[in-house]
Every structure is written in structure tokens, then in C-alpha cells.
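Please find below some notes on this model.

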Amino acid sequence: MSKRILIVEDEAGLRLTLADRLHAEGYDVETACDGETGHQRATEAEFDLLLLDVMLPRMSGFEVCRRLRQKGSITPVLMLSARGADDYVTKPFEFAELLARIEALMRRSAMQAAAAASSSASSVAQVFRFGTVEVHFERTEVLRDGQPVALSAREFHLLRYLIEHRGRTIPRDQLLTEVWGYVAGIPTRTLDVHLVWLRQKLEANPKAPRHFVTVRGLGYKFVE
Ligand code: CA
């Protein structure tokens with residue numbers, strides 16, 4: 001079975017070129033030329049990956065992505081920034097890079113699905129403790145000194161990902177892809193902001209974090 005890709009791009013030339021080239025690589029490709037239609041197709045049908053332009057008529061690529069995530073969609077999304085997208089048409093090297101990203105995203109999402117299946121199979125009430133913090137994964141609840149801490153869904157997802165990969169330096173790109181679900185063209189400052197929030201909520205001294213450690217130039221590491 002061919003993997004299915006939905007391309008949402010309003011520029012006709014780029015849309016056709018990408019569709020042709022991805023089809024030539026063996027993908028089953030569908031296209032939409034505005035955000036609203038793209039969002040509708042992504043809701044109606046199953047895709048293995050969405051290729052979303054950022055600047056789109058009727059609904060931006062970011063908004064399409066946000067709405068799909070809100071509905072619980074876990075389909076990997078690769079955003080095309082306007083700057084990058086213009087290059088893909090003319091430079092074969094850029095297409096190769098795009099293809100590499102598509103393949104990496106699909107691999108990662110297949111691994112995630114496998115991990116999710118195995119963790120739900122051995123579903124037990126999981127509690128993780130560090131410092132005076134208790135993380136209840138099943139109840140998606142966090143306590144600090146016995147008191148509930150309000151975390152956004154994204155903060156909880158980030159916290160869980162860091163804990164699951166504790167002791168290891170996780171590159172920024174990986175965190176953005178795994179926790180936010182997309183790469184390229186996204187201001188990565190959003191990751192730093194979320195880390196600051198987690199520290200403020202869960203560290204005894206947020207200015208000198210013990211658990212949520214910055215690894216300069218690389219990414220972040222969670223330490224017990
Ligand atoms: Ca566009």
C-alpha cells in the first residue's frame with residue numbers, strides 16, 4: 001500500500017510539481033488549493049502525512065494544523081514556509097531535503113504508533129515522581145507538594161515526552177516535531193517559552209533549574 005500524502009498549496013505550479021514528484025516517488029497524492037478545503041479533506045480521509053503551505057487562502061496552514069490537533073489528529077504535518085517552498089520547485093536538492101523530511105516524519109509517526117499501542121496494552125496507573133512533584137499520566141494530573149498544578153495540554157505533553165526520554169539530551173527539532181507535530185517554518189521560541197512555564201510551575205528555583213536542563217546549542221534534558 002502506498003503512503004498517502006495530502007498537499008495543501010495555493011500556488012498551482014508548486015502544487016503540481018510537488019504532486020508529480022511525490023507521485024513519482026511512489027506516494028499516493030491528493031491536493032487541495034486552499035486551507036478550508038485542505039482541512040475538510042484531512043478530516044474526511046486518512047492520510048499518512050500532510051504537506052501544508054503556511055500562507056493559504058481561506059484558512060492559514062497554522063490554523064489548519066491547530067484545528068486538526070484540537071480534534072485529536074496525530075497525522076504528521078510538514079509545513080512549507082513561503083521562503084522554503086519557492087525553492088523546492090527550482091532546486092532538485094531542496095526536493096531531496098523535503099523528501100528526507102517526509103520519510104523521517106513518517107518513520108517517527110510509525111514508531112510512535114507502535115509505542116502507543118504497546119504502552120496502552122500494558123496500561124497501568126502510572127505515577128512519576130521527582131522532587132515534590134507527582135505526575136499522574138493516566139489522570140493527566142500533576143501535583144506539587146500535594147496540590148494540583150494547572151498545566152495546558154501542550155505543557156503536559158511536553159512534560160510527558162521529557163520524562164519518557166529522561167537523562168537524554170533531546171534536540172530542539174525533535175521536541176518541536178514530537179510535541180508540536182510539525183517542523184520547518186515554526187518560530188522555535190515557542191519551545192523555550194513552554195520550558196520556562198514548566199520550570200515556573202514545577203521547579204523549586206526556576207532560575208536555577210534542577211530538572212528541566214538546557215543543553216546549550218542542542219536542546220533540553222530532563223533530569224530526575
Ligand atoms: Ca501560499
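1. The calcium ion is coordinated by Asp-10 (OD), Asp-53 (OD) and Met-55 (O) at 2.1 to 2.3 Å. Donors are N, O and S atoms within 2.8 Å of the metal (3.2 Å for Na, K and Ca); water is not among the atoms, so sites may look incomplete. Along the chain the donors follow the spacing D-x42-D-x1-M.

2. This is a predicted model: local features need pLDDT of at least 70, side-chain atom pairs count only at pLDDT 80 or more, and totals for chains, interfaces and linings use all residues. Residues are numbered from 1 along each chain as its sequence is written, and side-chain values use heavy atoms, with hydrogens and water left out.

3. Asp-10 counts as partly exposed at 35% relative accessibility, and Met-55 as exposed at 61%. The classes are buried under 20% relative accessible area, exposed over 50% and partly exposed in between (1.4 Å probe, protein chains only).

4. An open sheet of three strands runs in the order E9-E12-E11, with antiparallel pairing. Strands (E, at least two residues) and helices (H or I, at least four) are DSSP runs, numbered from the N terminus; two strands pair if DSSP finds at least two bridges between them. Strands E9 (169-171) and E11 (212-215) each have a single partner strand, so one side of each is left without a neighbour in the sheet.

5. E9 and strand E12 (residues 219-222) pair over three bridges in the antiparallel sense. Pro-171 stands opposite Gly-219 in E12.
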